Amino acid sequence: FGVVSPTDAKVDLKDVAVKEMLKNTTGEVLTNFQRQYDHYKSEFDASGSEGKFKQREITLFNRLVLDIEASNLELWRDYQSGGLVNSVKPAVTKEYQSFAQSLTFTANPQMMDQEAWHAGAGCWVQLAIAAALRFRDSKGRFPALLNEEDAKELADMAKTLSEEQKSQEGACWLQKVEWGFPSGEAVEDMAALEANFKRFSMLFETELTGLCAFLGGVVAQEVIKKTGKFTPIEQWVHHDDDSLVQPGASPGEYAGTRYAYQAAVLGSSFMDDIRKQRVFLVGCGALGCEYLKGLALMGACSGPGGKLIVTDMDRIEVSNLSRQFLFRQTDVGNPKSTSARRVVKGWNPDLNIEALEKGVGVTSEDFFDDNFWTDLDLCWNALDNVVARKYTDKCCLWYGLPLLESGTLGTKCNSDVFLPHLTKSYNDGIETDANEAQIAMCTLRSFPYLPLHCIEFAKQAY
């Protein structure tokens, strides 16, 4: 970093003030030098002195400071300059309660929604889980699906548990929580909490495809944290999304089918709607595989008039197998789209799916024409470059289609929902590939279009 400093401002490395300043971060040191410059410059201007304000340039590097004052200096007698320094981080020891202890003695369990955690919503969820376990011990089973008697009994058990734990220090019970801090005062609106307990019981048996995928990702991350490099989740993390539950929802005609749980939460009319959807999935890589799995298991595009169209020009490589779970070693060399179609069609034979090997862009507008786009209900991007994203966004804007946009690169990710006439479009943003240091592997292998791609390809090849 180049710093302009007044000549009159002496920098004495033995001075205590200078030593303390240099202990700060590079940014703070730069700010300090700038303030010093402004002070001397203002004094020079106010003095009316003739001539040019004398200044000098100082080069400041990101610093690594070794404090050896408290160590044995004899060890450094032969040291002259240079060398390598290894950073050794101190170990952090984590201790956790047992399942039984944490179930009781977690006063305000963490929530994924931080506002809900601040309000203490995790308390009733924690008690509902404990009540479900007590219900199982009593009945030999968990609460049945949409069973009102079981729901009333679980709600009573949860309230009883709260009263039992109320007198225990640090225990979870139905108390007011303000900004994440338990107040020790009982919750006043017990009717709302009882409704929550009953909803929890009536839908306890259900599973949702998207939530199961999320939980799988969380578990995988926690397994990786066994290496000790990352901090594990602190015991409990809850999530409650009552907006998904439709009032009076029931499986209806889907009772006894693979969609019974989904219909019980979202309603049978929702199932009718998603089965008739016509979806265009652009890309069949890591994200595309996940989306295909979700759509197939949810039953989307599986009814009369419904159709899922997936396109990808790429072919499967060995490097894809670690993260694109629809493919196996025997699929290497085959088209991604057709291979993925074969797998998800085997999971759900009712799925109406068409696999294409075409790129989406100006060169394929003879195929993806007006009739194609106007026949769709939704476009879903699973792409690896900004150019293609901008093109599909332009088409969705022109034809008035909703666009689901997402992307991953290393440990980074993004997701957006663009709705016609309601939200901004993807092209309203300023995202570009120009400043991106990382490169998606599938882009590098199959569709390199930047000079950086060629350089990276050569580095990996040789």
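Colleague: What does buried mean here, and is Phe368 buried or exposed?
Modeller: A residue is buried when its relative accessible area is under 20%. The model is predicted, and in it Phe368 has a relative accessibility of 4%. That value is under the cut-off, so Phe368 counts as buried.

Colleague: What kind of aromatic pair do Phe367 and Phe368 form?
Modeller: A pair of aromatic rings is described by the distance of the centres and the angle of the planes. For Phe367 and Phe368 the centres are 5.0 Å apart and the planes are at 85°. Planes over 60 degrees apart count as edge-to-face, so the pair of Phe367 and Phe368 is edge-to-face.

Colleague: Which residue has its charged end over the ring of Phe367?
Modeller: Phe367 has 33% relative accessibility and therefore counts as partly exposed. The charged end over the ring, 4.9 Å from its centre, is that of Lys358.

Colleague: How are the planes of Tyr37 and Phe53 arranged, and where do the two residues lie?
Modeller: The count of aromatic pairs comes to 16. In the pair of Tyr37 and Phe53 the ring centres are 5.7 Å apart and the planes are at 75°, so the pair is edge-to-face. It links distant parts of the chain, 16 residues apart. Tyr37 is in helix α2 (residues 26–47), and Phe53 is in the loop between α2 and β2 (55–59).

Colleague: Are Tyr37 and Phe53 buried or exposed, and which residue lies over the face of Phe53?
Modeller: Tyr37 and Phe53 are both buried. At 5.9 Å from the ring centre, the residue over the face of Phe53 is Lys41.

Colleague: How many disulfides are there, and why does Cys301 have no bond?
Modeller: A disulfide is a covalent bond between the sulfur atoms of two cysteines. Cys301 is buried, at 0% relative accessibility, while Cys413 is exposed, at 63%. The closest cysteine sulfur to that of Cys301 is in Cys379, 13 Å away, which is too far for a bond because the cut-off is 2.5 Å. The count of disulfides comes to zero.

Colleague: Which helix gives the largest share of the nonpolar patch?
Modeller: The patch, of about 490 Å², is made by Met112, Leu211, Phe214, Leu215, Ile233 and Val237. Met112 is in the loop between β3 (110–111) and α4 (114–118), and at 43% relative accessibility Met112 counts as partly exposed. The largest share, three residues, comes from helix α8 (residues 209–224).

Terms used: Residues numbered from 1 in each chain as written. Predicted model: local features only at pLDDT ≥ 70, side-chain atom pairs only at ≥ 80, totals over all residues. Heavy atoms only, no water. Phe/Tyr/Trp six-rings, centres within 6.5 Å; stacked < 30°, edge-to-face > 60°. Helix = DSSP H or I, 4+ residues; strand = E, 2+ residues; numbered from the N terminus. Buried < 20%, exposed > 50% of the residue type's maximum accessible area, 1.4 Å probe, protein only. Lys NZ or Arg CZ within 6 Å of the ring centre and 35° of its normal. Patch = residues over 30% accessible without salt bridge, like charges linked within 9 Å, V, L, I, M, F, W, Y side chains within 5 Å. Areas by Shrake-Rupley, 256 points an atom, 1.4 Å probe, with all protein chains shown as cover. Salt bridge = Lys/Arg side-chain N within 4 Å of Asp/Glu carboxyl O.
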